[in-house]
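Try each task yourself before you read the solution.

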Amino acid sequence: MDEPARQLARMNRLYRAEVGSAVSFRAISAQPYVSDLVSQMYVQGACTNNWDVVFNMSLEQINKSLREQYEELKTSTTYKNVIDTQTKYEVVEEVWAIKKYHIEYGYPNLSFYTNNNDQARLEMEILPDSSIQSCIQTGTDQPKCDPPKTIGGEKLTAKVKIGMIQGTVQTDSGSHNVLKVQLDMQIGTFDISNIDLSDDEKVGFNLALKAYFVNNPVVFVINQLDLTQVPHLNDLKPKGFYFKPLKTPSGKEMLQLFIQTGDRNLLDYSQTFLNNTPDPIPLGEECSLMVRSGLFFSSVLSESLNKNAWKMEGVNPGNDKEAWTAKFTQANVSGTVDLTPLNSSSSGGQDGSTWTDTTTYYIPGGNTVTWSLADMTMEATNLGNMKLSGSQKNSLNFIQKHCHTTYSIFGSSTTCSESKMSTDVSVGVLANLPLDVGGSGREQTVNININNQAVTITGHMSGGGPSSSDDLQAQVNQQIQSQVPEQIKNQLNVSFQPISVFALKNLLFPSNNYINFSAAYVPGDLLIVGKFTKV
């Protein structure tokens with residue numbers, strides 16, 4: 001086993017040994033510190049239970065934010081919905097009383113209960129153009145109607161079944177790539193016994209609206225994101241989601257959003273839970289965003305790191321309880337290797353003649369050498385950083401040229417011969433890749449942030465003759481260590497723009513709220529923690 005492999009093995013043993021003590025240090029029932037949450041997620045491996053993204057939010061904060069958003073948008077016609085219905089009953093024989101209802105209702109205020117995991121409250125503003133019209137019809141004559149009576153300004157409230165609220169995301173066609181985030185209230189979502197209207201036209205009005213909401217699916221548009229000018233990743237484009245209120249073992253009340261992205265369909269609502277992560281919001285934070293490790297390592301990383309002819313792919317562990325990793329299938333670095341320090345010469349003479357022997361070394365085509373770092377892996381650690389490691393065997397091909405020159409009174413003559421030589425050079429890489437939060441406000445980003453000192457490069461050579469000389473070994477190692485870390489740093493210092501866009505322009509808040517990132521980690525699944533901030 002060469003030195004890079006030995007270092008990797010030692011590091012793996014240390015990581016695993018540290019985890020057990022870190023997780024058991026504090027009681028699981030207490031709201032965890034972020035370091036404990038990171039360690040728990042590392043031990044579990046894959047926490048999102050096959051959901052692409054799980055968004056965990058403080059229930060108190062989300063209700064406050066949704067209320068503020070409702071107050072701002074409740075009369076906006078952008079989010080208007082319309083009901084046109086009527087009731088008809090026979091007053092006396094061949095005489096019919098008809099009520100025509102034109103109801104325009106606005107942006108919904110969806111709020112969640114602290115003591116009810118099955119229902120949520122929905123409140124809608126009835127907009128000014130809404131009306132009730134009374135008509136009388138005799139026999140087969142045309143109805144005779146009074147002028148419509150305006151009922152704008154009233155509120156419609158209802159309890160809805162959370163498990164039947166399915167979030168969907170539609171994409172408008174045309175010149176703009178606009179995502180419409182909708183709440184799809186399926187038939188039976190509304191509780192007929194809890195719809196109430198504070199209007200004098202109680203009986204008919206309530207009956208008509210109750211019948212409509214109970215027997216018809218209702219769709220609310222709660223957000224529109226124009227991604228035309230925004231960098232995004234199709235695999236991370238939201239497709240559908242479910243809400244789920246949760247009270248954790250530590251007593252923390254939160255709302256969870258279980259999201260599927262790309263072309264992946266929603267799982268069954270019964271699967272809306274995290275694997276062995278009972279308290280997903282750490283102490284001192286108001287929210288956390290978790291991205292499935294398979295999505296992060298196979299799509300997000302490759303989107304950012306497939307550049308400069310480097311190529312990466314995700315590695316499926318074959319077990320949905322374990323975290324994915326990634327490996328580079330193509331990764332070349334280069335360096336200048338000068339073999340002139342290996343050159344040597346000797347001379348001698350007798351009987352009136354002298355001779356000189358010279359041995360020189362050179363690399364065909366110039367002194368620039370390319371080394372492959374393919375098969376390097378990136379994986380999660382219990383500290384939340386990623387680890388880059390690997391060792392790749394390369395061949396260094398060079399020419400040994402030997403010349404013998406003799407000098408006499410008759411002149412000089414030189415004969416030269418060349419030998420092709422080769423030696424194996426094993427290049428080992430070990431690097432710690434911490435995530436960093438940069439920027440401010442809605443321009444925040446999640447980045448890998450490393451420096452040259454964080455990258456450890458080692459070289460080992462094999463072969464006979466000059467290949468085993470201290471001079472050649474030192475020359476190659478010096479060039480690798482001085483030139484390769486900077487290339488790796490430049491390749492890996494990237495921003496995960498799709499993650500930043502997803503979190504900052506999130507599903508629920510078209511208004512003035514966004515997440516202020518505190519920190520980001522990769523203990524398996526990607527974890528971002530933070531607080532809500534109002535512009």
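**Exercise 1.** Work out the handedness of the link between Cys 403 and Cys 416.

*Solution.* Step 1: look at the torsion about the S-S bond of Cys 403 and Cys 416, which is about 110°, so this disulfide is right-handed. Cys 403 sits in strand 23 (residues 386–408) and Cys 416 in strand 24 (residues 411–433), so the pair ties together parts 13 residues apart in sequence. Strands here are DSSP runs of E with at least two residues, helices are runs of H or I with at least four, and both are numbered from the N terminus. Step 3: check the bond itself. The two sulfur atoms are 2.0 Å apart, and a disulfide is a pair of cysteine sulfur atoms within 2.5 Å.

A quick word on the model: it's predicted, so local features need pLDDT of at least 70 and side-chain atom pairs count only at pLDDT 80 or more, while totals for chains, interfaces and linings use all residues. Residues are numbered from 1 along each chain as its sequence is written, and side-chain values use heavy atoms, leaving out hydrogens and water.

**Exercise 2.** Decide whether Cys 403 is buried or exposed, then do likewise for Cys 416.

*Solution.* Step 1: recall the cut-offs: buried is under 20% relative accessible area, exposed over 50%, partly exposed in between (1.4 Å probe, protein chains only). Step 2: Cys 403 has 12%, so it counts as buried. Step 3: Cys 416 has 43%, so it's partly exposed.

**Exercise 3.** Find how many disulfides the whole structure has.

*Solution.* Step 1: the search gives two. Step 2: besides the pair above, Cys 135 and Cys 145 form a disulfide.
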